[in-house]
Amino acid sequence: MSGVNGPAVVADDVSIEYRVTGGRPIRAVDGITLTVGSGEILAVLGESGSGKSSFAAAVAGQLGARGEGEGAHRRHIVGGELTVLGQRIRGLRPSSRRLGRLTGRIGYLSQDAADRLSPDLTVGEAIAEPIYARDRRFDRKEAGLIVARLVDAVHLPLGVMRLNTWELSSGQRQRVALAQALVLEPQLLVADEPARGVDVLVRQSVLEALASLQRNRQFSAVVVSSDLREARALADRVAVMAEGRLVGLGTFDEVLDSPVDPYVRTLAATAARPVKRPTTGAAGAPRRSAAPRRPATAGAGTSTPRQEQQ
């Protein structure tokens, strides 16, 4: 489903800097070279400040965009080349049509995506929002079907579609944000800490939903994480970053069995038993056939507990 003849992402010696008013630029990413194959999940692992989120934002076409965190609009690629779904990123203005067409093919789950859901919208409306941003005349019955399938796929009851987003727990909102990022069926998903802020009791459910959707739809994915166990449960390969540099790249066994960088050695020393990726379950198929007439009011049931759904 990549839609391009070749890898989904090719980074060649990519460097990213923050422009600081009245001071020297800060190097956030320093010379990253890697490739993400079509249909592959690559985990980007690192501590806070390692540059992993800046790299993910670049892949998602969000560098220079406002609204992606404090100072995010000051990030720019200053070295190397980054090609995503066949489109070279460096030099594209945030307002350019080429970048707009590209980001329409990329699903982006930012760190604070769950917190940024509009409290004035129902869950159904929030998930459908990207559909109507692209086409205001999109058929509402068809949109309702799309949203219902995604709600089911992220392991939420269809009844939540009628609730406002503020009525949900943090874990539920995170899954709604994931569904919103995937509603346009992107060819590439960039997920920055997809289980961030989610209660430990349901964190595995969020990760399983993501893995199941990727298996069913076969999109490529770049998943940022600071947790080795969670990254290993999701991805086939890992890119380890420290202080803006790439210090490990390959399968998890390749990276952890022969560590050279001190941070990778620390990861290897504290590595937990590998987590098996789920191999069963068709979360992408809806359990119910009833289709909502419109995302704003669709769904059955009178109430949904505000506790985490496991």
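The following questions and answers concern a predicted model of a protein chain.

Visitor: How many helices and strands does the secondary structure of the protein chain have?
Guide: The model is predicted, and its elements are read from the computed coordinates. Of the 310 residues of the chain, 51% count as buried. The secondary structure of the chain comes to nine helices and 10 strands.

Visitor: What share of the contacts with a separation of 6 or more comes from residues 24 or more positions apart?
Guide: The contacts considered here lie in the protein chain and have a separation of 6 or more. Within that set, the share of residues 24 or more positions apart is 71%.

Visitor: Are helices α5 and α6 roughly parallel or roughly antiparallel?
Guide: Helix α5 spans residues 170-182 and helix α6 residues 200-217; their axes come within 10 Å and cross at roughly 15°. Angles under 35 degrees count as roughly parallel. The crossing angle therefore makes α5, relative to α6, roughly parallel.

Visitor: Which hand does the crossing of α5 and α6 have, and which residues make the contact?
Guide: α5 passes α6 in a right-handed crossing. On the α6 side the contact is made by Val202, Ser205, Val206, Leu210, Leu213 and Arg217. By class, the residues of this contact comprise six nonpolar, three polar and two charged. The α5 side contributes Gly171, Gln174, Arg175, Leu178 and Leu182.

Visitor: How are α3 and α5 oriented to each other, roughly parallel or roughly antiparallel?
Guide: Helix α3, residues 123-134, packs with α5 at an angle of about 30°, and their axes are 7 Å apart. α3 passes α5 in a right-handed crossing. Since angles under 35 degrees count as roughly parallel, α3 and α5 are therefore roughly parallel.

Visitor: Which residues of α5 meet α3?
Guide: From α3, the residues in question are Val123, Ala126, Ile127, Glu129 and Pro130. The residues of the contact divide into six nonpolar, one polar and one charged. Their partners in α5 are Val176, Ala179 and Gln180.

Visitor: Against which helices do the buried residues of α3 pack?
Guide: In α3, the buried residues are Val123, Gly124, Ala126, Ile127, Ala128, Ile131 and Tyr132. These buried residues pack against α4 (140-153) and α5.

Visitor: Is Pro130 buried, partly exposed or exposed?
Guide: Pro130 is found in helix α3. Leaving aside neighbours within four places in sequence, Pro130 is in contact with Gln180, Val183 and Leu184. Buried would require under 20% relative accessible area, and exposed over 50%. Because its relative accessibility is 22%, Pro130 counts as partly exposed.

Visitor: What separates the C-alpha atoms of Pro130 and Gly104?
Guide: Pro130 and Gly104 are 26 residues apart along the chain. Their C-alpha atoms are separated by 9.3 Å.

Visitor: Is Leu85 buried or exposed?
Guide: Leu85 is found in the loop between β4 (75-84) and β5 (87-88). Its phi is near 50°, a positive value in a residue other than glycine. Because its relative accessibility is 3%, Leu85 counts as buried.

Visitor: What is the phi of Glu193?
Guide: Glu193 lies in the loop between β7 (188-192) and α6. At 12% relative accessibility, Glu193 counts as buried. Its phi, a positive value in a residue other than glycine, is near 55°.

Note on methods
Residues are numbered from 1 along each chain as its sequence is written. This is a predicted model: local features need pLDDT of at least 70, side-chain atom pairs count only at pLDDT 80 or more; totals for chains, interfaces and linings use all residues. Side-chain values use heavy atoms; hydrogens and water are left out. Helices (H or I, at least four residues) and strands (E, at least two) are DSSP runs, numbered from the N terminus. Buried means under 20% relative accessible area, exposed over 50%, partly exposed in between (1.4 Å probe, protein chains only). Contact means heavy atoms within 4.5 Å. Axes are lines fitted to C-alpha atoms, for helices over the stretch in contact, and angles run from 0 to 180 degrees between N-to-C directions. Angles under 35 degrees count as roughly parallel, over 145 as roughly antiparallel, 65 to 115 as roughly perpendicular and the rest as oblique. A crossing is left-handed if the near helix is turned anticlockwise from the far one by less than a right angle, and right-handed if clockwise. Ala, Val, Leu, Ile, Met, Phe, Trp, Tyr, Cys and Pro count as nonpolar, Asp, Glu, Lys and Arg as charged, and the others, Gly among them, as polar.
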